[in-house]
Amino acid sequence: IGDVPVLRVTRRGPEAVHFVPAALEPGAEVLLSLDWERRFDHMQQHSGQHLISAIAEQMFGFKTTSWELGRQRSVVELDTPLVAAEQVEALEKSVNEKIRDRVPVTVRELAADDPEIETVRSRGLPDDHVGPVRVVDIKGIDSNLCCGTHVSNLSDLQVIKLLGVEKGKKNKTNLVFLVGNRVLKSIEQSHSTEKALTSLLKNGPGEHVEAVKKLQSSVKLLQKNNLNLLRDIAVLIARDFKSKPAPKQLFVLHRKEGDSEFMNIIANEIGTEETLLFLTVGDEKEAGLFLLAGPVEAVENLGPRVAELLGGKGAGKRGRFQGKAAKMSRRGEVQALLQEFVSNQNPGA
């Protein structure tokens, strides 16, 4: 409205109430403008929904109970527990035939008490409705009560693509669809993705799925081998520590590639009755995991303080306290805290 953006519009009885971020002068003459690309997109999706709903009911008796205009895709809720793939295919074929037939779409108004309203497809009028009733006609196909904006001819829809069905609310099915320019944008996006995959996988589009399956299998095998190696490394680290003539009472270790199991294996191998262990895995300067293990009383006392220093959260029992750390760069502060604790417990150490 002028230079002031409209944030939202809602209806109160016969009036359209516009919500704006700044006051407008009463009685002032203003220029109204709209985002035509967005408006035309809504017109295509809405008129497409009318056509899909009408043909779905004519062909299969599936009544529309609601619909949703999404930002990227839209959904028609059909009052049926099941829509077969063959029915979706037949419905898509039929609605696109109507588009090619260039069927006119017109809007007319009826008086609220006009008996013709009873013959028009509708989910009912709002309780606060006043004034004439607006009817959208798709010639020879559908008449529907509607207050929305629509195209003037089905040819303006260009094409409808039914993407398939999803399970809806109890005994209902959601039919997902795209209309017009959204179909073109979807094809463009899919083609860009296809080109990128062709470059990454070094094969043609028809071989993408098989190539990804092979990659997934390779990754799983590598992850399994990596886990086995980490377990072996954890055991060797623990044995090396225990083999020393006089093991220290504080053991600190960080490994970027480790995980919770890696840390617990080390703790199990070393034993925590006499040694206090502070183990961390993950990026040295970002987020990761930590484990504090040792004498029960010491861990209960120090665990929450360690978690706080690391900017994380944790929990523990029976001499182990572990969790996530957001500030791994503060490991040095934790080590200083633990070293001070050990020194106080053993002044001669």
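Ser 53 sits in helix H1, which covers residues 36-60. The model is predicted. In it, Ser 53 counts as buried, at 0% relative accessibility. What does Ser 53 touch, leaving aside its neighbours within four places in sequence? Its contacts are Phe 62, Thr 64, Val 76 and Arg 121.

Now move to helix H3, residues 181-201. Leu 184 lies in this helix. Is Leu 184 buried or partly exposed? With a relative accessible area of 48%, Leu 184 is partly exposed. Asn 153 is 31 residues from Leu 184 in sequence. In space the two are 19 Å apart, C-alpha to C-alpha.

Next, the cysteines. A disulfide is a covalent bond between the sulfur atoms of two cysteines. How many disulfides does a search of the whole structure find? The search finds zero. Cys 146 is in no disulfide, and its nearest cysteine sulfur belongs to Cys 147, 5.6 Å away. Cys 147 is likewise in no disulfide; for Cys 147 the nearest cysteine sulfur is that of Cys 146, at 5.6 Å. The cut-off for a disulfide is 2.5 Å. The surroundings of these residues can be read from their accessible areas. Cys 146 is buried, with a relative accessible area of 11%. Cys 147 is exposed, with a relative accessible area of 76%.

Strand E11 comes next. This strand spans residues 276-282, and seven of its seven residues are buried. In a regular strand the side chains alternate between the two faces of the sheet. Which residues of E11 lie on each side? On one side are Leu 276, Phe 278, Thr 280 and Gly 282. On the other are Leu 277, Leu 279 and Val 281. Both faces are covered.

E11 has a partner in strand E10, residues 250-255. Six bridges join E10 to E11, and the two run parallel. Within this pairing, Arg 255 has Val 281 of E11 as its bridge partner.

Thr 280 stands opposite Phe 290 in E12. The two strands form a hairpin, with five residues between them.

Helix H6 takes up residues 296-309. H6 has 14 residues and reaches 20 Å from its first C-alpha to its last. That is close to the 20 Å expected at 1.5 Å a residue. Where does H6 bend? The bend is about 35°, at Leu 302. A proline, Pro 304, follows within four residues. Just after H6, Gly 311 takes a positive phi of about 65°.

An α-helix has 3.6 residues a turn, so residues three or four places apart point the same way. With that in mind, look at which residues of H6 are buried. They are Ala 298, Val 299, Leu 302, Gly 303, Val 306, Ala 307 and Leu 309. What covers these buried residues? The cover includes E11 and E12, the strands of the hairpin. It also includes strand E13 (313-317), strand E14 (320-325) and helix H7 (331-345).

Methods. Residues numbered from 1 in each chain as written. Predicted model: local features only at pLDDT ≥ 70, side-chain atom pairs only at ≥ 80, totals over all residues. Heavy atoms only, no water. Buried < 20%, exposed > 50% of the residue type's maximum accessible area, 1.4 Å probe, protein only. Pairing = 2+ DSSP bridges. Expected span 1.5 Å × (residues − 1). Bend = angle between axes of the 7 residues up to and from the residue. Contact = heavy atoms within 4.5 Å.
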